[in-house]
Amino acid sequence: MKKLPIGVQDYKELITDYIYVDKTKYLHELITSGKFYFLSRPRRFGKSLTISTLYYLFKGEKDLFEGTYIYDKWEFKEYPVIRINLLDVSTENEQSFKYGLLEIIKEEAERYGITIENTNYKYAFNELIIKLSQKERVVILVDEYEKPILDNINNKEKAEKYREILRDFYVSIKSKDEYIKFVFMTGITKFTKTGVFSALNNLNDISLNKKYAQMLGYTQEELESNFKEHIKETAIEMNMEEKELLKNLKMYYNGFSFDGENSVYNPFSILRFFNEMEFQNYWFESGSPSFLYEYIKGKKIRYEDLVKYPVSELDFSTREIEEANASIFFTQAGYLTFKGIKRLGLRKKYILDYPNIEVKNSFSKIILEANYGIRETEQIETTIYERIYEKDIEGIIKEIKRIISAIPYNLHKKEESYYHSLIYTILASAGLNVTAEELTNLGRSDIVIEENVIYIMEIKIDKSAEKVLNQIKEMKYYEKYKEKEIYIIGININSEKRNIDEYKIEKI
């Protein structure tokens with residue numbers, strides 16, 4: 001059984017000893033049909049591995065690709081390759097940043113026995129491209145292109161200064177077109193027409209291109225065919241049928257979509273899951289929760305604010321990332337994803353929501369803490385999870401009331417959407433498979449908990465719980481779940497008390 005490539009980003013090392021999910025069909029399409037490309041994807045989605053794979057393709061190392069799609073379809077001719085990874089650059093101040101860019105260029109030159117005479121980062125880049133191209137046209141691969149800007153997303157002035165430096169640096173890629181064979185750039189966020197790439201308008205942005213929606217991440221077919229032995233071993237270890245294991249894997253780690261139609265698994269979470277054989281929040285907790293906490297707290301982010309309005313492709317390139325709406329930033333960072341498409345005539349908009357239980361659970365905990373000052377999220381998770389599996393609905397509502405009562409009165413709003421969002425976030429923070437369909441413009445019930453038993457909640461302000469319950473019956477929100485055990489729950493919020501004061505439960 002081949003090893004799991006956790007943290008392995010070098011294609012040469014990975015292909016020798018580890019499982020490799022063959023994505024070379026996409027790379028073949030890119031290198032044979034175009035020249036300048038840009039792709040944005042969330043962290044730990046395989047961007048660096050893609051850069052590495054392209055590196056060995058253009059170095060002509062054919063033996064490394066035996067058994068892959070591209071093996072007998074590419075010329076495997078050697079080209080000079082410039083690799084730039086901005087993870088390697090210090091962003092402490094402008095001077096160290098410029099020095100770091102210059103050092104990257106010098107190191108790349110040294111690999112080819114070239115001496116760079118220019119001491120300005122921009123002109124040094126020009127010099128490297130021209131000198132390398134004397135043998136063959138140059139391939140340029142850039143990873144984490146906007147890392148210095150993301151490092152300073154809460155410092156607008158500093159972010160803009162670094163943007164100017166990068167704009168000056170990257171313009172070489174366009175101005176030296178005649179010396180270049182191929183360019184591939186990646187990062188987490190899409191660029192704007194007036195930002196870093198204002199002078200690099202010949203880049204083909206494939207970030208939301210349906211053709212490349214599954215280029216990074218694992219598809220269902222790729223998961224089941226490449227991890228057969230691990231699936232079998234894990235199912236035995238967890239005392240679970242393989243079919244059930246795959247169903248749970250899909251709920252926890254699938255759901256990332258970059259076109260609103262096709263979805264993929266987060267590769268990092270899948271690899272960690274098969275290594276640990278436990279359903280945990282691997283990808284989310286490998287990120288920067290402290291940064292998210294400050295971002296959410298500063299902007300007072302609520303779930304409803306993130307998913308209320310569909311977004312268009314244009315929304316991703318009209319503002320710089322530090323000025324963009326929170327929903328745009330979180331979508332690019334992978335905390336939200338496209339859950340469907342809404343068409344308005346010839347226009348297309350994307351419906352947003354959390355991709356899966358892993359992200360929903362962790363993100364909701366941070367919202368509770370940052371927005372509402374609720375810190376005992378682990379205790380909440382344990383309590384609500386236990387009540388759900390004991391079918392103790394009154395116990396769940398009692399816990400929700402306790403949490404709401406702990407929120408300072410000045411944070412409350414006399415809006416149904418406020419309480420929909422708050423109660424949904426409480427339930428999601430417990431790791432439940434909970435959806436809030438009305439908030440994602442699908443026009444269904446307020447909240448649905450879908451575990452072994454289905455719980456359907458409708459929430460109103462200053463209305464009798466009986467009337468609220470009757471709405472669920474009249475609208476027949478439970479129809480799609482009728483093969484399962486179902487409980488419907490009508491909840492009334494008293495606007496003066498700022499809490500639940502009446503509820504009614506009925507089994508269908």
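A residue counts as buried under 20% relative accessible area, as exposed over 50%, and as partly exposed in between, with a 1.4 Å probe and protein chains only. At 39% relative accessibility, lysine 391 is therefore partly exposed. The structure is a predicted model, in which local features need pLDDT of at least 70, side-chain atom pairs count only at pLDDT 80 or more, and totals for chains, interfaces and linings use all residues. Residues are numbered from 1 along each chain as its sequence is written, and side-chain values use heavy atoms, with hydrogens and water left out.

The overall fold comes first. The chain holds 19 helices and 14 strands. Helices (H or I, at least four residues) and strands (E, at least two) are DSSP runs, numbered from the N terminus. The radius of gyration of the chain is 25 Å, close to the 23 Å of the globule rule for 508 residues, so the chain is as compact as a globular protein of that length. This radius is taken over C-alpha atoms, and the rule is 2.2 Å times the number of residues to the power 0.38. The C-alpha trace spans about 80 × 50 × 45 Å along its principal axes. Of the 508 residues, 57% count as buried. Contact means heavy atoms within 4.5 Å. Among contacts between residues at least 6 apart in sequence, 67% join residues at least 24 apart.

The chain is assigned domain 1 (11-212), domain 2 (220-282), domain 3 (286-353) and domain 4 (377-507). These bounds come from an automatic or database domain assignment. Between the C-alpha centres of domain 2 and domain 4 the distance is 29 Å.

Empty space was searched next. Rolling a probe the size of a water molecule over the atoms shows where empty space is left. The search uses a 1 Å grid over the protein atoms alone. A cavity is a set of points where a 1.4 Å probe fits but cannot get out. A pocket is an open set with protein on both sides within 12 Å along at least five of seven lines. Lining residues have an atom within 4 Å of a point. Grid points are joined across faces, edges and corners, and a volume is the space filled by probe spheres set on the points.

The largest pocket holds about 1,100 Å³ of space. Its lining has 45 residues, and Arg43, Arg44, Phe45, Lys47 and Glu144 lie nearest the centre. At least two lining residues come from each of α3 (47-58), α6 (147-150), α11 (267-276), α12 (289-299) and α14 (326-333). The most come from α3, which gives five. By type, the lining has 25 nonpolar, 13 polar and seven charged residues. Here Ala, Val, Leu, Ile, Met, Phe, Trp, Tyr, Cys and Pro count as nonpolar, Asp, Glu, Lys and Arg as charged, and the others, Gly among them, as polar.

The second largest pocket has a volume of about 760 Å³. It is lined by 32 residues, with Lys339, Tyr354, Pro355, Asn433 and Thr435 closest to its centre.

Two cavities of 30 Å³ or more are found in the whole structure. About 140 Å³ lies in the largest cavity. Of its 17 lining residues, Leu208, Phe258, Phe316, Thr331 and Gln332 are closest to the centre. Two or more lining residues come from each of β6 (256-257), α14 and β8. Eight of the lining residues are nonpolar, seven polar and two charged.

Seven of its 10 residues are buried, so α11 is largely enclosed by the rest of the structure. Phe268, Ile270 and Phe273 are among the buried residues. Their cover includes α8 (220-226), α9 (228-237), α10 and α15.

Glycine 334 sits between α14 and β8. It is buried, with a relative accessible area of 1%. Beyond residues up to four places away in sequence, glycine 334 touches Pro42, Phe256, Trp283, Pro355 and Val359. Most residues other than glycine have a negative phi. Lysine 391, in the loop between α16 (377-389) and α17 (393-405), has a positive phi near 55 degrees. Lysine 476 has a positive phi of about 50 degrees. Its loop joins α19 (465-475) and β13 (486-494). At 47% relative accessibility, lysine 476 counts as partly exposed.
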